[in-house]
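I opened my notebook for a friendly walk through this model. Here is what I looked up, one stop at a time.

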Amino acid sequence: MLNDNNNLNGTMPTASPMDSSTSYDMNGHNNNNGQQQDGGEINNDVVATNGESSAHRKVVKLDKTNQEIVRLIGQHLKNIGLERSAEALMQESGCCLEHPSATKFRKHVLSGDWTKADHDLQELQTMVDPKADRAGMSEMKFLLLEQKYLEFLEEGRPIDALHVLRNELTPLQHNTPRVHQLSSYMMCTNNQELYQRANWDGKGVKSRTRLMDRLQSYLPATVMLPPRRLRTLLAQSVEMQTERCQCHDMAWSTNIDNVSLLVDHNCSSEGFPMQALHVLNDHSDEVWFCKFSPNGLRLATGSKDNTVIVWEVDPVKLILKNKRTFDGHTYGVSFIAWSPDSKYFIVCGPEDCPDLWIWDVEQEKLITKVSHSTDDSLTCAAFNKDGTRFVTGGTRGQFYLVDLDGTVHDNWEGVRVNGLAFRSDNKTILAADTHYRIRGYSFDNPRTDYNVVQEQCPIMTFSVNSADRLALLNISSQGLHLWDLQDKCLVRRFQGVTQGNYTIYSCFGGVNESFVASGSEDNKVYIWHIRREEPLATLVGHTRTVNCVSWNPVYPSLLASASDDGTVRIWGPKQPQLAWAASSNNGDSASIASTSSTASSSSTASSASSGTNNDLISNSSWNIT
């Protein structure tokens, strides 16, 4: 095995665990097993680093895995400045942090001895597969010469720099565009210009350490570990645990520096809507729609009984109070849209309804009733981002751009829509139509329209997240689909929900909209993490189809669901100290059936525990490992 016992000053180095008289396997492990290569005897009276005689110290034989772990720990100790601890670890384990030739190479690079570094590189080349890594070795030599060239320029030695450029870099015939770029640095008038143009830190430890990090990536790990390998592995572990965290907050950019490495990463389910807090039964017929206001302080619910009830939300006590009932909607209420300032809301009816109502919730009065034509079908609406206009339409072939006073500003003919949304640019309108697609429309001059989403089955409803990037689509006979509006691609098909031909509304929600929820024809509410197809939780309690769900946009611990059973359920965090009398009075239950994600290696979550009161679920029924 090649070694060079001369350091840069020409003196002999001190004894180390990587002495050239010792042979090493490709994992850097001492192969002598305690025997001297010249046949001499081992001096068993050598004192160990802890003061004990090595004769009394048990020899530990390490397998391949443990050897690699020791090397990783040793490298990390050296990186954080614990040189003596690293040396002691290598001595006691009989391992070597890296190949002795690699150690020489590192020393010569960091000291800027480019001649010796080039010689070391030739030695290392014998340990690399020439066929697989020929380009890698050329790149390593190129990087060495590039650093050498830049340092000559910084030192004001243009002749030497030109020599490197012409006689060493150019003959390599490697990365010719970069060679041309390097040649242009000869024209730099000062070092600051050189640093800026070359994106270089100048001669010194910092730039040479960065160079060494790049060089290490081209060498086999058995010869020289990749830079900061242990830290890289830990970072990968944190990333994997984040992916598996069922309740993970998407806005929390977890990394090795802001989580504890002593325990697995696991976002708490505290505050998550897992329990039915209230059952609102003020409606006298099926409840078709529910929607929290943008400020989170009101909930509007619409019913087949022709009324809208607006509820006041107490975000501290997590209770809702009936504020006012708005009636007179002769066809029933199947859709509600809030203005961005939470002051107004629009009410739409089912397919045969030609009318639309705009209510002022603060003054509790009707602003206007829009009835453009008896042949219209105004079943959906959406406010623009500043709340000055809205768009409305239906399945009879048109949609309109309307001012708040009911004046039709513009219209688009020939489009049978069953869902509308304004984009963040406040100009483009998304419309789901009867051709199983969502298209973008702009009323600018000239008018433009383009395809965004194409499905294979009817799009019953859709909603767009606050970032205006993702869309949730409830697809007839297919279930719930997640689309990327920018890339125009299907991202995920959520599992579990039962979706036939009923109109069911889903929503984004939770902390930073990291979750999605949907009603279902099997009388349940399903919740998913936005990254996973399998349900995170199933909320049980309704006795008929759940038509709509709405997640409070400001207080994410509250979720509302509306059902054909005539009730609205408010789901909130578990509160075992509360005795929910409504359950014992009407016999209803609100249990949670948790399911483990297929993306996680966690065991199957336990189902909701049975008992006389199924509304209070113990923490053991929520598996978020």
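I began at the hairpin of strand 6 and strand 7, where five residues lie between the strands and S342 takes a positive phi near 65 degrees. This is a predicted model, so I kept local features to pLDDT of at least 70 and side-chain atom pairs to pLDDT 80 or more, while totals for chains, interfaces and linings use all residues. I number residues from 1 along each chain as its sequence is written, and side-chain values use heavy atoms, with hydrogens and water left out. My strands (E, at least two residues) and helices (H or I, at least four) are DSSP runs, numbered from the N terminus.

Next I looked at the pairing itself. Strand 6 and strand 7 (residues 344-348) run antiparallel and are joined by four bridges; I call two strands paired if DSSP finds at least two bridges between them. F335 has C348 of strand 7 opposite. Which way do the residues of strand 6 (residues 335-338) point? I found F335 and A337 on one side and I336 and W338 on the other, all of them buried. Buried means under 20% relative accessible area, exposed over 50%, and partly exposed in between (1.4 Å probe, protein chains only).

Then I moved to an open sheet of four strands, with antiparallel pairing and the order 10-11-12-13. Strand 10 (380-383) and strand 13 each have a single partner strand, so one side of each of these edge strands has no neighbour in the sheet. Neighbouring strands here are turned by 15 degrees against each other on average, direction ignored. Axes are lines fitted to C-alpha atoms, for helices over the stretch in contact, and angles run from 0 to 180 degrees between N-to-C directions. Within this part, strand 11 (residues 389-393) and strand 12 (residues 398-403) run antiparallel, joined by five bridges. R389 stands opposite D403.

I stopped at H409, which sits in strand 13 (residues 408-413). H409 counts as partly exposed because its relative accessibility is 42%. Leaving aside neighbours within four places in sequence, I found H409 in contact (heavy atoms within 4.5 Å) with R389, L401, V402 and D403. From H409 to F390 I noted 19 residues in sequence and 9.8 Å in space, C-alpha to C-alpha.

Another open sheet of four strands came next, with the order 18-19-20-21 and antiparallel pairing. Its edges are strand 18 (459-464) and strand 21 (489-494), each with a single partner strand, so one side of each lacks a neighbour in the sheet. Strand 18 pairs with strand 19 (residues 470-475) in the antiparallel sense over five bridges, and F462 has L473 in strand 19 as bridge partner.

How do helix 4 and helix 5 pack? Helix 4 (residues 114-125) and helix 5 (residues 134-154) meet at an angle of about 175 degrees, with their axes 11 Å apart. That makes helix 4 roughly antiparallel to helix 5, on a scale where under 35 degrees is roughly parallel, over 145 roughly antiparallel, 65 to 115 roughly perpendicular and the rest oblique. Among the contact residues I noted W114 and L121 of helix 4 and M137 and L144 of helix 5.
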